[in-house]
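Welcome, and please load the model in your viewer. We will begin with the whole chain and then step through its parts.

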Amino acid sequence: MKASSGKTCKTCNACKQIYRRWCVRFWSDKRYYCAVRREMTKRENSCEDWREKQIAYDLSAQRFDEAERNIKVLMEYFKDK
């Protein structure tokens, strides 16, 4: 169903964008997957289960420690090159 307000599947937290693979690249599709209704939908559609998008940042010490380990591995790898 078409949305009359800004509450579309594109701005819904329950809807995730679909990506398709072609050869070696990935392309974003115009369709979304609704996790609440468990079906494919178009980005301009809306429903009564619309949820505001929430942006969450992972600023935990564990994530930063893992990033430091990855950087050290890369430094060792590129040191000889």
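Start with a surface view: the protein exposes about 7500 Å², and carbon and sulfur atoms supply 53% of that area (Shrake-Rupley method, 1.4 Å probe). Keep in mind that this is a predicted model, where local features need pLDDT of at least 70, side-chain atom pairs count only at pLDDT 80 or more, and totals for chains, interfaces and linings use all residues. Residues are numbered from 1 along each chain as its sequence is written, and side-chain values use heavy atoms, with hydrogens and water left out.

Next, switch to cartoon. You will find one helix and three strands, in the sequence pattern β-β-β-α (DSSP runs, H or I of at least four residues for helices and E of at least two for strands, numbered from the N terminus). The radius of gyration, over C-alpha atoms, is 19 Å, well over the 12 Å from the globule rule for 81 residues, so the protein is more spread out than a compact globule (the rule is 2.2 Å times the number of residues to the power 0.38). Along the principal axes, the C-alpha atoms fill a box of roughly 60 × 35 × 20 Å.

Now select the strands. They form an open sheet in the order β1-β2-β3, with antiparallel pairing (strands pair if DSSP finds at least two bridges between them). At the edges, pairing on one side only, are β1 (15-22) and β3 (39-42).

Then zoom in on β2 (residues 25-34), which four bridges join to β3. Which residue stands opposite M40 in β3? Pick Y33 to see it.
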